[in-house]
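Hi there,

I am passing a structure on to you, and below it you will find my notes on what turned up. Have a look at it first, then read on.

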Amino acid sequence: AAVKRYQFDIQVRKVSRLCHAKPIVTVNGRFPGPTIYVREGDRVLVNVTNYAQYNMSIHWHGLKQFRNGWADGPAYVTQCPIKTGQSYTYDFNVKGQRGTLWWHAHIFWLRATVYGAIVIMPKLGNPVPFPRPQMEEVIILGEWWNYDVEEIVKQGNKLGLPPYASDAHTINGKPGPLFPCSEKHTFAMEVEQGKTYLLRIINAALNDELFFAIAGHKMTVVEIDAVYTKPFTTEAILIAPGQTTNVVVQATQSPGRYFMAARPFMDAPLSIDNKTATAILRYKCIPNTVFPLLPQLPAPNDTAFALSYNSKLRSLNTRQFPANVPLKVDRHLFYTIGLGMNPCSSCLNGTQLTASLNNITFVMPQVGLLQAHYFNINGVFTTDFPDNPPTPFNYTGAPLTANLGTTLGTRLSKIAYNSTVQLVLQGTNLLIVESHPFHLHGYNFFVVGTGIGNFDPKKDPAKFNLVDPPERNTVAVPTGGWTAIRFRADNPGVWFMHCHLELHTGWGLKTALVVENGKGSDQSVLPPPKDLPSC
Ligand code: C2O
């Protein structure tokens, strides 16, 4: 194992897209930011120095950070922000994971422009369990706003409405030629006929679940969220914010130019958003004058495609890469996802959109939750987050009142070390119907079941897949339905859990789990690093 060092300078830089130039926050002046290349088993040291007039923190999305929440990054959860002029070194080991993950700012909406890929190569001598591609490329899907994101969010909060949708979707930071002034802001990937490519696809968009396809080329899904899957071939993939998908593509078409394209899957009805980002797959020696073909993407509301696509995702589950699904459950959690209107004195209409889990809208503390936990600081959070919603009701019917009247709180759930947890996330039909990509920090979990309508604790568990369910760190809870996940709580610390739609995170669709220490000497949270920022 090696030690890999990276220097991340947080700098503001002017970037132009869609005929506008605006200052954005970047890492090392790059947008998207640099890719981190590591090998399974490596120790990684990323020194972040903040030269911008914004508070900063960086999250290594999907890395488990075993006993080491100090390197996880969400502001006010595992650390205080890195202030202007300060530095902090994220120091972590990459253990038991290989594949594609990503990093992003984890404070306010700054991940709009502060993000990049993490490529984890398997240990030397451990071949990938699929035909080895000859070349590879990182494909990061994102969003672009013409205006300062901060201003847009502020405006939205004042009006009590969602902020405007982004002005473009992007592929590797570039919207592609279907947008104005974007001919030169088009990502192109060159391929050689007959060769096999691995695409490491990341959805870094703030608020959109996306379809992605390549004209004339099928994709074979081999890995999601840095876990190998049973390979299957598809015309298009569906990827929620936070998720990663590795696909193998064969350049076997007649040499030409082909569009890759990304477009949202059923946005909230309030922000219908059909914009298509494109990039180009170009066979070697084909001139730029040949106009590319557009791929067929599923229709924006193609729920049938979404259900069928997600049902094909299975863990590889071989002897070398087993799916260790907890068969017995020690702790049952049932969280309802509510979106609603709450009173707001500073808002124009006196109300504001909020979001809740079990009718609790999460309030961020002023100090890091992990510090409060580690140093036993009282009064920062409570551990009385309810295991069930206050009243059972028909969640996907018309439950208006049962889901309103949320309370505010910094309430967490305490989980016993090494216990097995089942969490059912239940969508409700309040105000907006849309899927919610839920992300748990510090863990991968198994997606053992999902369905439309109300979860039935008597009938649905019988249909769970406990053999080869997909293992991941972010799962899209379907529109008007539920998802059940299982994991073993073997990583002590305080772990954030939230909807990866930035809009919903901001409205309070989040909480955290306090996983207690075990008795063994290697079962407790490590001491904090000396340079950990203070509040
Ligand atoms: Cu990718 Cu808490 O986030």
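**What I found**

The protein has 5 helices and 32 strands; both are DSSP runs numbered from the N terminus, with at least four residues (H or I) for helices and at least two (E) for strands. Please keep in mind that this is a predicted model, where local features need pLDDT of at least 70, side-chain atom pairs count only at pLDDT 80 or more, and totals for chains, interfaces and linings use all residues. Residues are numbered from 1 along each chain as its sequence is written.

**Overall shape**

The C-alpha atoms fill a box of roughly 65 × 55 × 55 Å along the principal axes.

**A sheet to look at**

Strands of a sheet pair through backbone hydrogen bonds, either parallel or antiparallel. Here, an open sheet of 4 strands has the order 2-1-4-6 with mixed pairing; two strands pair if DSSP finds at least two bridges between them. Strand 2 (20-27) and strand 6 (87-93) are at the edges with a single partner strand each, so one side of each has no neighbour in the sheet. Strand 1 (residues 3-17) runs antiparallel to strand 2, joined to it by 8 bridges, and V12 is opposite V25 of strand 2.

**Strand 5 and its partner**

Strand 5 (residues 58-61) is covered on both faces: I58 and W60 on one side, H59 and H61 on the other, are all buried. Strand 5 pairs with strand 7 (residues 99-105) in the antiparallel sense, over 4 bridges, and H104 in strand 7 is the bridge partner of H59.

**One residue up close**

Q426 sits in strand 25 (residues 420-427). Is Q426 buried or exposed? With 22 other C-beta atoms within 10 Å, Q426 is buried. Leaving out residues up to four places away in sequence, Q426 touches F334, Y335, T336, I337, Y395, F455 and W482; contact means C-beta atoms, placed from the backbone, within 7 Å. Y395 is 31 residues from Q426 in sequence, and their C-alpha atoms are 7.5 Å apart.

Enjoy exploring!

Terms used: A residue is buried if 20 or more other C-beta atoms lie within 10 Å of its own, exposed if 12 or fewer, and partly exposed in between; C-beta atoms are placed from the backbone. Two residues are in contact if their C-beta atoms, placed from the backbone, lie within 7 Å.
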